[in-house]
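Load the model in a viewer and keep the sequence panel open. The stops below are given in the order in which to select them.

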Amino acid sequence: MSQATGRRASPGYQERTASEVLDALGSSRHGLTTSEAQGRLAEHGPNELRRPHRTSVLRKFAGQFTDLFAVLLLSAAVITFAAYLLSDPPDIGNLQLTIAILAVVLINAVIGFMQEHMAERTAEALQAMVPHRARVIREDERVEVSVAELVPGDLVVIDAGDAISADCRLIEAHELTVNNMALTGESAPARRHTEPVPVNVARLEAQNLVWMGTAAASGTGKAVVVATGQDTEFGRIYQLTAGTSTDSSPLRRQIAMMAHRVAAAAFSLGVLLFTVRLAAEGPLVETFIFALGVMVALVPEGLPATMSVALAIGVRRMAKRHALIKKLLAVETLGSTTVICTDKTGTLTKAEMTVQALWASGNVHRVTGAGYEPKGDAEDPEPVRDMLRVAALCCDARLLPPADHQGWRVLGDTTEGALLVAAGKAGIDLDAERQAAPRVGELPFDSVRKLMTTVHAKDGRTWAYVKGAPQELLARCTHIRFGDTLSILDDEQRSAVLKANDDMAGSALRVLAVAVREVSKAAADHEEAEHGLILLGLVGMLDPPRPEVVAAVKACREAGIRIVMATGDYALTAEAIARRVGILRPGMVPRTVTGIELDQMSKEELRTLLGEYEHVLFARVKPEHKMRVVSAFKDLGEIVAVTGDGANDAPALKRADIGVAMGESGTDVAREASVMVLLDDSFASIAAAVELGRSVYQNIRKFLIYVFSSNVGELVPILAATFLGFPHVPISAVQVLAIDLGTDVLPALALGAEKPEPGVMRQPPRNPKQSLFSGALVRRILFLGGIEAVVATGIFFWHVTSAVIPFAEFTEDNPIYREALTMAHLAIIMSQVFVGLAVRSDRISIFRLGLLSNPHYLVAQAIGLILMAGICYLPPLQDVFNTKALSFTDWLLVLALSSLVLVADEIRKAVLNRKEATR
Ligand code: ATP
């Protein structure tokens, strides 16, 4: 075990034979023992990459002060402070303003910092939820362990699509190719074998080594781990480079850009008003502070934070519904999905296969029993026994007996699991059969050939055992076995086999054909082993639909989302399942397109077909066909979500708007290529994620309208004062800040966390081209914010005119002015309470939605009103805000007028709904 403790995959592994390497690592072809593995884990530590130093907390916090908002506000603080120093006698109001602005900058920085931290933590937590498992051989048994538990000397099993989780030396390879892109930048898959490689070949190029961070592109193999964790080649590079980039989603960037634009507009308007007022001979400092008020009134200070929180909440909710989103942007795209292109096996169905029927020698034999428990019988098993023996020996899966409160389970492909169970039911002793016909070679399954072959030595002869999709296999058969007689597979026989296949497929069974032939040597190639075969029969297995999928399919249909099944399986099986889950309703005839047909279709023809037929079903397709379907839909302007699990699904997953990988059954490569991972593999989780995606988008709209409405409500009174020649502001900069960063923040967050509105899934998908800041959004802001502005301006001027003195005679500390200032502030805060209720839905009346149905919102507003009461009645706050105590009637009056905005919006909703109903 001396070499195992060596730091990295030391030179010396590539030029030695596999057995020598195993010896050097103190391992063997039977794998390590569990106790040895535990010992090594303690010695080497977990197979994980330590995160390099992240940006220090202090630096991250300091970074918050360098964004545009902060810089603008800090300059404003410097100017107000200078104004305070220069005024004679010192104007304490300016000092208060300086302090208020600094406080705002600080609060903003804290919020920004926490938001960044939260986003990072969410990303890390999600990362940890994606399963990272490896199959290893320990004590001669194939087991699954967490990748972190791999130790030097472990024997790992590699299948196409697997991520390589440690540096390893191959000891077995069947048609194995790896993609070393992550390490070498070379994207073409490279062949791997087990023979020694001369020392002068660069280690990364050595064909018998595979590296952590790379992936198996095709084939299968076994390899012994030579280095783990930080000791791997990848670990070394990771230390040098990782931890530098932070991902910011386009949506977040879009919001940040919008915020900056608004800030720039606010700044320009402030400068303009400053110049105008100054030209009209306003006093310098006052004019400046006035302009500052305009500026801060327009800038939505709390917005970026609210935005990130809303997205993070969306991502967490989706995780709870078994959909992990890897990019925040996907949350938004999901909501506008128009087409879901889905696999069948495992996504629409449970992938719990049970063999129910066998066909051999022209007869059907029923098999009883359910699940993977080898309990049940095969009817008249004699004629099917050899077929089941061949099929079961041509399997990599293992049947696991009940343990840890779980019943019988399958490790590996469930299709194969079903074959093992059926063999057991037919009374076949598989251990004895494996010994009698040991496996000496294999051609792994891939979804392009749709076949798998194993080569066995039996009684001094060598045999290829082949199983696969019936049509594909039948095309390679020349003979058929009837009992003990061998006949030529003529046309009549072929149609008999096809009919048996169709009968099984028509009742939703997944059918596999089984064949054999004698070959010349163990290392037989495809040409020899998979041609001129003797057909033994067919196996039909039931893969029941997932019960939750029926409702999910219905929900998607109501949401205007088209569901297109693209499966490697046979058309009839696919159609039968499509009917069972409701993709096809009774009487609907789908346009079924097979992979072969698709090959002959041009791009344009495919596009026309997709446009022409509503119900298209793709069967017997290869992964690259999925890519073509996705591209065609995208060309038609659709937003496509596509599911995938295999390594060669990666291109389609990447090309789609939303690549959806399977968390349970999917390969690492597919997971890497996708933006969403389904923890439970179920189609229903996609539907749930779409619903949540839609609601997140709606929520973002809600709080955008909410936040900007108050900005309109703040700005209009200020502009009105300018035009009416009132010498002071109707709402001061400090008050505006208290609203934007105080009372508005919590309600906005509560709106961002709203549950999906009833009926979100009954609307058609959103037009993806329509930007978040659409005309409709602006109109809604102007409508609600406009009413709020009229109310606030009206109340202010109604109150100041009640003093019956000319505007010019008002001083800053005039009690009527201070009352009016307080009432305007209160009017905005109260109007916002009603605006928030109005925006909770675009169409549905708040009374139908339930006034109390978002308690967080109500609590947030209650806190705001308590703060307002403090500003109104507490002397120190009165000093800061230049406010004055209001009477109870004043509160009532403001309350009544503020509620107008909700009344107006309810009328709008009622009119709209009535119009819709009559239409
Ligand atoms: P979907 O694409 O909807 O998940 P699928 O699982 O049937 O469908 P593939 O995995 O590409 O798609 O399989 C295609 C066909 O290959 C299957 O219909 C089956 O006939 C055959 N097949 C599947 N698994 C095996 C296997 N382990 N050995 C041999 N043939 C197989």
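This is a predicted model: local features need pLDDT of at least 70, side-chain atom pairs count only at pLDDT 80 or more; totals for chains, interfaces and linings use all residues.

Residues are numbered from 1 along each chain as its sequence is written, and side-chain values use heavy atoms, with hydrogens and water left out.

**Domains.** Colour the protein chain by domain 1 (18-51 + 134-234), domain 2 (60-115 + 248-321 + 690-918), domain 3 (323-349 + 547-681) and domain 4 (354-541); the bounds come from an automatic or database domain assignment. Between the C-alpha centres of domain 1 and domain 2 the distance is 58 Å.

**Sheet.** Next select the open sheet of eight strands, ordered S8-S26-S25-S24-S9-S21-S23-S22 with mixed pairing. Strands (E, at least two residues) and helices (H or I, at least four) are DSSP runs numbered from the N terminus, and two strands pair if DSSP finds at least two bridges between them. At the edges are S8 (323-325) and S22 (591-594), each pairing on one side only. On average, neighbouring strands are turned by 20 degrees against each other, direction ignored. Zoom in on S25 (residues 658-662) and S26 (residues 676-678): they run parallel and are joined by three bridges, with Val 660 partnered by Met 676.

**Helices on the sheet.** Show helix H22 (residues 623-635), which packs on the sheet and touches S9 (339-342), S21 (562-566), S23 (616-619) and S24 (640-644). Contact means heavy atoms within 4.5 Å. The direction of H22 makes about 170 degrees with that of S24; axes are lines fitted to C-alpha atoms, for helices over the stretch in contact, and angles run from 0 to 180 degrees between N-to-C directions.

**Cores.** A nonpolar core is a set of buried Ala, Val, Leu, Ile, Met, Phe, Trp, Tyr and Cys residues joined through side-chain atoms within 4.5 Å. The largest has 136 residues; Ile 101, Met 676, Phe 683, Ile 700 and Phe 796 touch the most other members. H25 supplies the largest share, 21 residues. Centre on Phe 683, whose contacts beyond four places in sequence include Ile 340, Val 549 and Ile 563.

**Loop residue.** Finish at Ser 336, in the loop between H11 (328-335) and S9. Why does Ser 336 count as buried? Because its relative accessibility is 2%, and buried means under 20% relative accessible area (1.4 Å probe, protein chains only). Ser 336 touches Ile 639, Pro 765, Arg 766 and Pro 768, leaving out residues up to four places away in sequence.

Terms used
Buried means under 20% relative accessible area, exposed over 50%, partly exposed in between (1.4 Å probe, protein chains only).
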